[in-house]
Amino acid sequence: MADKTCTIRTRKFITNRLLQRKQFIIDVLHPGRPNVSKGELKEKLAVTYDVKEQSGIFLFGFRTQFGGGKSTGFGLIYDDLKAAKQFEPKYRLIRNGLDKKVEKSRKMKKERRNRARAIRGKKKNSSSKK
C-alpha cells in the first residue's frame with residue numbers, strides 16, 4: 001500500500017483578498033503511480049486548509065514531469081461559492097459542476113455567425129458608387 005501514497009506540497013501561496021481566494025502552485029509527489037485524480041487532491045486540500053465545500057476548490061494546469069513520479073499544477077480555493085461563480089471562467093465552473101454546459105448545434109453556430117457577418121459588413125450602395 002506504500003506505493004499508492006501521494007504527497008502534496010504547496011508553494012507560492014498567496015491570499016488574494018481582491019478575488020476572495022487563496023491561490024498556489026501545487027506539487028504532487030506520486031512515486032509508483034501514473035497520476036493522482038483531482039478529486040483525491042481536492043479531498044486532501046480540503047482537510048489541510050479547512051475548506052467546508054470542496055466545490056470551491058479549483059485545480060487545473062497539471063503537468064507530469066518526464067519519467068513520472070511528480071506533477072505540478074495550479075490551485076485556487078475560494079472563500080465562498082458566490083465569489084467562485086463571479087470570478088471563475090465558465091468552462092472551469094462547468095468542469096467543477098457549478099454550471100451547466102449549453103449544447104448548441106454546429107448548424108446554429110454557423111447560421112448565427114453568418115447573420116452577424118451580414119450585419120457587420122459595409123453598405124452595398126456606398127461601395128458600388130465608387
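Q: What makes a residue buried, partly exposed or exposed here?
A: Buried means under 20% relative accessible area, exposed over 50%, and partly exposed in between, with a 1.4 Å probe and protein chains only. This is a predicted model, in which local features need pLDDT of at least 70, side-chain atom pairs count only at pLDDT 80 or more, and totals for chains, interfaces and linings use all residues. Residues are numbered from 1 along each chain as its sequence is written, and side-chain values use heavy atoms, leaving out hydrogens and water.

Q: Why is arginine 17 called exposed?
A: Its relative accessible area is 52%. Exposed means over 50%, so the term applies to arginine 17.

Q: What makes the contact of aspartate 79 with arginine 17 a salt bridge?
A: A salt bridge is a side-chain nitrogen of Lys or Arg within 4 Å of a carboxyl oxygen of Asp or Glu. The closest N and O atoms of aspartate 79 and arginine 17 are 3.1 Å apart, so the pair qualifies.

Q: Which parts does the pair of aspartate 79 and arginine 17 tie together?
A: Aspartate 79 lies in the loop between β4 (70-78) and α2 (81-87), and arginine 17 in the loop between β1 and β2, so the pair ties together parts 62 residues apart in sequence. Helices (H or I, at least four residues) and strands (E, at least two) are DSSP runs, numbered from the N terminus.

Q: Why is aspartate 27 called buried?
A: Its relative accessible area is 10%. Buried means under 20%, so aspartate 27 is buried.

Q: How do you know that aspartate 27 and arginine 11 form a salt bridge?
A: Their closest N and O atoms are 2.7 Å apart, within the 4 Å limit, so the pair counts. Aspartate 27 lies in strand β2 and arginine 11 in strand β1, so the pair ties together parts 16 residues apart in sequence.

Q: Why is arginine 33 buried, whereas glutamate 40 is partly exposed?
A: Arginine 33 has 16% relative accessibility, under 20%, so it is buried.

Q: What makes the phi of glutamine 20 worth noting?
A: Phi is near 55°, a positive value in a residue other than glycine. Glutamine 20 lies in the loop between β1 (7-16) and β2 (21-29).

Q: How do you know that aspartate 50 is exposed?
A: Its relative accessibility is 68%, over 50%, so it counts as exposed. Aspartate 50 lies in the loop between α1 (38-48) and β3 (57-64).
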